Amino acid sequence: MLYFDQVDAKRFGSIRQQFWALAHFPFHVALVLLLEGTSRFITWRNATEMIDYLAIGFDTVYYSSNDTELIASGLDTFSAEIFKIVEADVSKYNITSYLYDLAASGDPYSDVAFFAVDDIFAVLQTAVLKFFKISAAESFTKASESSYTDGAPKDPFKDLGSVFHVYDLVFVYFFVAAGCTLLMMAVLIALAKKNKCAGDYAAIALRAIVGLALTLVAAVKGNYTAQEHFLFSPWMLPTVLLAIGIVVVLDGVLGYVLPAPKSQGLRGHGEPHAHEHA
């Protein structure tokens with residue numbers, strides 16, 4: 001609808017046609033990146049939902065007592081259940097040393113206890129993410145590929161940090177690609193329509209404005225807290241869906257509010273016959 005309704009049925013000049021054809025390359029690149037990002041964030045959302053439930057259960061056990069030995073025992077049992085659910089190789093997720101530190105701390109609110117609990121939760125998160133086949137490329141994890149073998153891991157946040165680093169990149173290219181897809185649609189309309197009417201200019205402006213807004217969402221990366229909240233929220237995909245939905249609805253409205261002159265035939269934005277190509 002957003003693309004085929006704007007294709008001019010009549011031939012246009014050869015130079016204009018060549019530019020129009022060449023503009024499809026960045027358009028398709030943006031579209032492929034958008035679809036790839038969508039696929040990744042569907043899986044990401046499933047994983048973060050499970051991590052949310054994991055956090056609730058984890059906190060329930062942690063705040064259930066002031067006895068660190070009981071807490072350590074409870075978290076050991078809880079972790080074993082999580083590892084079983086995600087079909088994790090327990091030998092690669094050794095949390096024994098962290099449980100020992102927690103039990104020996106004597107105070108569940110001491111720095112030692114907090115560090116131990118954070119380490120345990122980081123290991124559990126890594127196991128959940130790997131269950132959903134979410135992991136960093138080998139280049140990010142090469143230095144820590146044996147972190148969870150042969151005893152306690154040196155840094156339980158290493159694998160987790162590598163995954164988050166990758167999804168920082170996915171976050172940026174997903175919204176940039178979504179915005180560029182609409183921006184390239186605006187460019188294609190501008191090249192396809194030789195004799196533009198008010199409706200055509202409105203269609204171009206609509207795609208350009210919404211596309212630019214989507215692209216600027218990637219700037220949230222500059223604020224770590226805001227990006228983290230957005231990344232773990234359910235609004236990642238709906239944001240793009242709502243933006244495209246707004247364009248579709250307003251595009252249809254503009255087609256009736258700003259109809260093309262009858263003399264332009266198929267080239268008008270709002271001419272009823274222009275929709276024969278949809």
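Predicted model: local features only at pLDDT ≥ 70, side-chain atom pairs only at ≥ 80, totals over all residues.
Biologist: Let's start with the overall fold. What makes up the secondary structure of the protein chain?

Modeller: The protein chain has ten helices and zero strands. Written in order along the sequence, that is α-α-α-α-α-α-α-α-α-α.

Biologist: How much of the protein chain counts as buried, and how much accessible surface does the protein chain have?

Modeller: Of its 278 residues, 43% count as buried. The accessible surface comes to about 14900 Å², and 64% of that belongs to carbon and sulfur atoms. As for contacts between residues at least 6 apart in sequence, 78% of them join residues at least 24 apart.

Biologist: Good, now the details. Why is D119 called buried?

Modeller: Its relative accessibility is 16%, and the term buried applies under 20%. The value falls below that cut-off, so D119 counts as buried. D119 is in helix α5, which covers residues 111-131.

Biologist: Which residues is D119 in contact with, leaving aside neighbours within four places in sequence?

Modeller: Those contacts are Y98, P156 and F157.

Biologist: On to charges. How many salt bridges are there, and what makes E36 and R40 one of them?

Modeller: The count is three. For E36 and R40, the closest N and O atoms are 3.1 Å apart, and the rule asks for a side-chain nitrogen of Lys or Arg within 4 Å of a carboxyl oxygen of Asp or Glu. The distance meets that limit, so the pair is a salt bridge. Both residues lie in helix α2 (residues 24-62), four residues apart, which is about one turn of the helix.

Biologist: Why are E36 and R40 called partly exposed?

Modeller: E36 has 36% relative accessibility and R40 has a relative accessible area of 30%. Partly exposed is the range between under 20% for buried and over 50% for exposed, so E36 and R40 both take that label.

Biologist: How do you know that E49 forms a salt bridge with R45?

Modeller: Their closest N and O atoms are 3.6 Å apart, and the cut-off is within 4 Å, so this pair passes too. E49 and R45 are separated by about one helical turn, because they are four residues apart in helix α2. E49, at 34% relative accessibility, counts as partly exposed. R45, at 21%, is partly exposed as well, since buried would need a value under 20%.

Biologist: Let's turn to the nonpolar side. How many residues are in the largest nonpolar core, and which have the most contacts inside it?

Modeller: That core has 67 residues, and F41 and F175 have the most contacts inside it. Two or more residues come from each of α2, α3 (68-85), α4 (96-105), α5, α7 (157-192), α8, α9 (224-231) and α10. Helix α7 gives the most, with 16 residues.

Biologist: What is F175 in contact with, beyond four places in sequence?

Modeller: Its contacts there are L214, T215, V217, A218, F230, M236, T239 and V240. F175 also belongs to a cluster that ring pairs build from F41, W44, F164, Y167, F171, F174, F175, F230 and F232. The structure holds 18 aromatic pairs.

Biologist: Which residues form a nonpolar patch on the surface, and why is F19 called partly exposed?

Modeller: The patch is I15, F19 and L22, with about 340 Å² of accessible area together. F19 sits in helix α1 (residues 14-22). Its relative accessibility is 49%, and exposed requires over 50%, so F19 counts as partly exposed.

Technical notes. Residues numbered from 1 in each chain as written. Heavy atoms only, no water. Buried < 20%, exposed > 50% of the residue type's maximum accessible area, 1.4 Å probe, protein only. Contact = heavy atoms within 4.5 Å. Core = buried A, V, L, I, M, F, W, Y, C linked by side-chain atoms within 4.5 Å. Phe/Tyr/Trp six-rings, centres within 6.5 Å; stacked < 30°, edge-to-face > 60°. Patch = residues over 30% accessible without salt bridge, like charges linked within 9 Å, V, L, I, M, F, W, Y side chains within 5 Å. Areas by Shrake-Rupley, 256 points an atom, 1.4 Å probe, with all protein chains shown as cover.
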